[in-house]
Amino acid sequence: MRPVAIIGIGKTPFGAFPDRDLRSLAVDSGNKALLDAGLEPKAVEAFYLGNFAGPSFIGQSHLAPFIAGPMGITGVPCTRVEAACASSGSAFFHAFSAVAAGLYEVALVTGVEKMTSQQTPRVAEILAMAGECGTEGKAGATFPALFAMIARRHMYQYGTKKEHLAAVAVKNHANGAKNPDAHMKKIITLEQAMAGKPIADPLNVYDCSLVSDGAASVVLAPLDRAREWTKKPIRVLGIAQTSDFVALDRKEDITVLQAVRTAAAKAYKMAGVGPQDIQLAEVHDCFTIAEILAIEDLGFVSKGEGGPYTAEGRTALTGERPVNTSGGLKAKGHPVGATGVAQLCDVALQIRGEAGDRQVSRHELGLAQNLGGSGASAVVTILAAA
Amino acid sequence: MTGTVYTETLIHSAPEAFVSEAPYQLIIVTLDSGTRLTGRVSGDAVEIGDAVILAEERNGVPFFRKK
């Protein structure tokens, strides 16, 4: 296996864009990533698309060549990967694997979702398809409800408080306000975060990520050739994708994201680093409780300590380990299929030192954690300055 | 069939097909056999640790009530 680097990144802003369709968002981000790498579309030897529910949201299937064609990419393998909210993290994992194995010199990975053309109850129904439809879906579960049940149990076992959940929202909104591409650039107070409209107790609207449109892309190439295209290659130091049961009721302890633990262990081993070495992270805060679980299961803190650690400001921009400097899914937005690659773009921006007002001071080694469903798919990627 | 409430939530924002039923409580029950089941609640709201009994099944979904 040969070392692999990210040689180009490109994102659209995240938000509600009634005049933009799925394809134009995806093509935009892909073109930006290719431009960033100084490459023509014909240089792309494989295209991987991460997309969760395009067929349900926009009524179009066969999405990989549907997007690649107008980007000027034809005659190469174009593959859509679906792993719920980890779709593009997984697409990236598979592109990485192929480039590392020597199958391709240049691969483009795009993640995209167009969600805002549907009304909220229909969006909830489409998202719920990432759960166990025969039991959870039939009983009327929503994704917020699954994570609400995780939050309840975490509170019961570890004494996590509603204030701890709210602290995640306050921090991520503060970071999002510094990100020009974020869906919501609005600072909120702890009081506001505590008093949002209830969605699934104990989660209110401020505990939930946003329903967004958007796309993100990265270009991968072998590390030893990366400087042919870019002055600032980012090395993929470690990566792993793992799985767990889809149904929440099949998990022994729902306060643990076991797939994240196993993916993190593998990625740390591959990278030759440990959780203590990670300087910044983009984690999958689809709900505030999910960020608390993530920082615990990535090993940044012990199980049960995630809430207090966040409330003490230690994951803030100026804290010892900044988490979700982009604003996270909470404030940057969560166009489901785009999220995994967008996280990688945001870590890459920090490592390059191009994160603007949200740039952190220690930025040589970063991590991205992308989660599918209530934890059935997980991708953990460790990136470093090359 | 009896068991203990492992976790619960009260759903306010429901999927399209369940909007008319909201708010409703969703639970995971640890049955006395150790198996876990996802279901709903009939009658009074329940909390983690409450003993529950299967009250009925609707459309294949188990509904539990406080014992």
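The buried residues of helix H11(A) pack against quite a list of chain A elements: helix H7 (143-158), helix H8 (162-176), strand S6 (203-204), helix H10 (258-271), helix H12 (306-311) and strand S10 (365-372). Here helices (H or I, at least four residues) and strands (E, at least two) are DSSP runs, numbered from the N terminus. This is a predicted model, where local features need pLDDT of at least 70 and side-chain atom pairs count only at pLDDT 80 or more, while totals for chains, interfaces and linings use all residues. Residues are numbered from 1 along each chain as its sequence is written, chains are lettered from A in the order in which they are written, and side-chain values use heavy atoms, with hydrogens and water left out.

Ten of the ten residues of H11(A), residues 288-297, are buried, so the helix is largely enclosed by the rest of the structure. Buried means under 20% relative accessible area (1.4 Å probe, protein chains only). Among these residues are Thr288(A), Glu291(A) and Asp297(A). After H11(A) comes Gly299(A), with a positive phi near 90 degrees.

Now for where the two chains meet. In chain B, 25 residues are in contact with 28 residues of chain A, contact being heavy atoms within 4.5 Å. Between the chains there is one salt bridge, a side-chain nitrogen of Lys or Arg within 4 Å of a carboxyl oxygen of Asp or Glu. Glu8(B) pairs up with Arg152(A) in a salt bridge, their closest N and O atoms being 2.7 Å apart. Strands S1 (2-11), S2 (24-31) and S3 (36-41) of chain B each give two or more residues to the side that touches chain A, and the largest share, six residues, comes from S1(B).

Note on methods
Buried means under 20% relative accessible area, exposed over 50%, partly exposed in between (1.4 Å probe, protein chains only).
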